[in-house]
Amino acid sequence: MKIPETVVVGPFIYKVSLVDIVNREKPDLIGEAVHCSDKEIRLQKDLDQDKLESVFIHELLHCMDVFMRLGLSEEQVERLEGAVYMVLKQNNLLREG
Ligand SMILES: [Zn+2]
């Protein structure tokens, strides 16, 4: 999957940033979605491609959860990340372009 520079979720546009440190206050985070007025998905840039794609899907799920008010827990987002990533990978839908 080519990680896009921006991603549209319903009426919102999230900027996608590859950064050295996702959140200085939470050094363990490798991805984060910011849902305030400046919407942004921040991904740690030194992840390998598989992990980067998986974390991007995870953060997208958080964005969908916020917009659609799905009420997903962190655990549910993690499990959905695994399921969505598996099926996209199995069907070769993550290839470039
Ligand atoms: Zn999460």
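Predicted model: local features only at pLDDT ≥ 70, side-chain atom pairs only at ≥ 80, totals over all residues.

**A helix and its surroundings**

Modeller: Met64 belongs to helix α1. A residue needs 20 or more other C-beta atoms within 10 Å to be buried and 12 or fewer to be exposed; Met64 has 17, so Met64 is partly exposed. Ser17 lies 47 residues from Met64 in sequence, and the C-alpha atoms of the two are 18 Å apart in space.

The largest nonpolar core consists of eleven residues, namely Tyr14, Ala33, Ile41, Leu43, Val55, Phe56, Ile57, Leu60, Leu61, Cys63 and Tyr85. Two elements, β4 (40-44) and α1 (49-68), each give two or more residues to this core. The largest share, six residues, comes from α1. Tyr85 is one of the core residues; not counting residues up to four places away in sequence, Tyr85 touches Glu53, Ser54 and Ile57.

The axes of α1 and α2 (residues 74-90) are 9 Å apart and meet at an angle of about 125 degrees. Since angles of 65 to 115 degrees count as roughly perpendicular and those over 145 as roughly antiparallel, this angle makes α1 oblique to α2. The crossing of the two helices is right-handed. On the α1 side the contact is made by Glu53, Ser54, Ile57, His58, Leu61, His62 and Asp65, and on the α2 side by Val77, Leu80, Glu81, Val84 and Tyr85. By class, the residues of this contact divide into six nonpolar, three polar and three charged. Ile57, Leu61 and Tyr85 are among the residues of this contact, and these three are also listed in the core.

Between the two helices runs a loop, and Arg69 is placed in that loop. Arg69 has a positive phi of about 50 degrees, although it is not a glycine. Most residues other than glycine have a negative phi. Arg69 has 8 other C-beta atoms within 10 Å and is therefore exposed.

Beyond α2 the chain continues in a further segment, where Asn92 is found. Asn92 is not a glycine either, yet it has a positive phi of about 60 degrees. Its count of other C-beta atoms within 10 Å is 7, so Asn92 is exposed. Glu96 is found in the segment after α2 as well. With 6 C-beta neighbours inside 10 Å, Glu96 counts as exposed. Pro4 is 92 residues from Glu96 along the chain, but the C-alpha atoms of the two are separated by 11 Å.

The last stop is strand β1 (residues 6-9), in which Thr6 lies. Thr6 has 11 C-beta neighbours inside 10 Å and so counts as exposed. Apart from neighbours within four places in sequence, Thr6 is in contact with Ile13, Tyr14, Lys15 and Val16. One of these, Tyr14, is listed in the largest nonpolar core. Asp28, 22 residues from Thr6 in sequence, is 24 Å away in space, C-alpha to C-alpha.

How values were computed
Residues numbered from 1 in each chain as written. Core = buried A, V, L, I, M, F, W, Y, C linked by C-beta atoms within 7 Å. Helix = DSSP H or I, 4+ residues; strand = E, 2+ residues; numbered from the N terminus. Contact = placed C-beta atoms within 7 Å. Axes fitted to C-alpha atoms, helices over the stretch in contact; angles between N-to-C directions. Parallel < 35°, antiparallel > 145°, perpendicular 65-115°, else oblique. Left-handed = near helix turned anticlockwise from the far one by under 90°. Nonpolar A, V, L, I, M, F, W, Y, C, P; charged D, E, K, R; others polar.
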